[in-house]
Amino acid sequence: MMSHAAYVFTSYGIATLTVLGLIAWVILDGRARRRELVELEASGVRRRSAGQASGETP
Amino acid sequence: MSENSLAIRKFSDLANPTRFLALADRLLPWLSGLTALSFVVGLWLSFATEGDYQQGETVRIMYVHVPAAWLSMMCYSVMALAALGTLVWRHPLADVSARAAAPIGACFTFLALVTGSLWGKPMWGTWWVWDARLTSVFVLFLMYLGLMALNRAIDDPARSSKVSAILVLVGFVNIPIIKFSVEWWNTLHQPASVMRLDGPTIDPEFLWPLIVMAIAFTLLFFTLHIAAMRNEILRRRVTALRRLAARAAGREARAQ
């Protein structure tokens, strides 16, 4: 049987880990995608809509 | 591309992914700062306030459990709105929004389930019961996982967006079931004590940390969601560029 404080700290601990995991995923995913875009553009591939402000698809 | 052309003047301007990226870059630092600040205040209040006369220290689990549970439902509602955007208005960012929200919603639902379990053990004497509230939230968790699997299974967003939007809307029936499960059925889980027509029945000592933590979690959700949407737009650009490069390489090979 755990003490009440142990349940509280386990809850906050798991919450912290989950939230930090989400933040790390969002940051690392964004960095990896930006790197890929830079590499593609460096190899001469350009978006057709580059230079236009409208009329593009995601 | 002039700065002027990227200005967002009306809601429909958000449909342009380039404008959205510019807006996200401007908003994210502020949102992250506000989120961090609310968490500092919220966590301080969570541990500075007194424990409950019956529940003792375990009442502090509520400050994580309740916001996570609210967010798990709000995230699904955001996805349902996005699904409408995909099916009715064919908004180009709607599918991006729904897809980016699913993993975040899954994490909040997971947190609601785990912290609920950790609260249930000392207070109810059990980690889990198959009552209506717990079961319907577990179903919500499975739906998030199913939607994530579906989005990954179909590579082309143009094809997957419709299917997943329909699934999201069908699954939305679960949200009122979760909300009212504690009134419609006899559950071990207590009925609502904050979001009630006759006002909150919870003591202000616990209400304040709860409200601040709920604001912090909501800000966290929007920060993560906007950042994940930005990532999803970038991912689609990478895919489109790779396809373009492959086509160009094919043309060159034929020309030789």
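Is C107(B) buried, partly exposed or exposed? C107(B) comes out as partly exposed, because its relative accessibility is 22%. Keep in mind that this is a predicted model. Here's a quick tour of its cysteines, its aromatic pairs and one threonine in chain B.

**Cysteines**
- The cut-off for a disulfide is sulfur atoms within 2.5 Å.
- Seen from the other end, C107(B) has the sulfur of C75(B) as its nearest cysteine sulfur, and C107(B) takes part in no disulfide.
- C75(B) counts as buried because its relative accessibility is 0%, while C107(B), at 22%, is partly exposed.

**Aromatic pair between the chains**
- There are 14 aromatic pairs over all chains.
- Take Y12(A) and F47(B): their ring centres sit 4.8 Å apart with the planes at 55°, so this pair counts as tilted.
- This pair crosses between chains, with Y12(A) in helix α1 (residues 4–42) of chain A and F47(B) in helix α1 (residues 17–48) of chain B.
- Y12(A) is buried, at a relative accessible area of 9%, whereas F47(B) is partly exposed at 36%.

**Aromatic pair within chain B**
- Y76(B) and F172(B) also pair up, with ring centres 6.5 Å apart and planes at 15°, so they're stacked. Planes under 30 degrees apart count as stacked.
- Y76(B) belongs to helix α2 (residues 62–89) of chain B, and F172(B) to the loop between α5 (157–171) and α6 (174–184), so the pair ties together parts 96 residues apart in sequence.
- Y76(B) is buried, with a relative accessibility of 0%.
- F172(B), on the other hand, is partly exposed at 31%.

**T115(B) and its contacts**
- You'll find T115(B) in helix α3 (residues 94–124) of chain B.
- T115(B) has 0% relative accessibility, so it counts as buried.
- What does T115(B) touch, leaving aside its neighbours within four places in sequence? Its contacts are S11(A) from chain A, plus I61(B), V64(B) and H65(B) from chain B.

Methods
Residues numbered from 1 in each chain as written. Chains lettered and ligands numbered in written order. Predicted model: local features only at pLDDT ≥ 70, side-chain atom pairs only at ≥ 80, totals over all residues. Heavy atoms only, no water. Helix = DSSP H or I, 4+ residues; strand = E, 2+ residues; numbered from the N terminus. Buried < 20%, exposed > 50% of the residue type's maximum accessible area, 1.4 Å probe, protein only. Contact = heavy atoms within 4.5 Å. Phe/Tyr/Trp six-rings, centres within 6.5 Å; stacked < 30°, edge-to-face > 60°.
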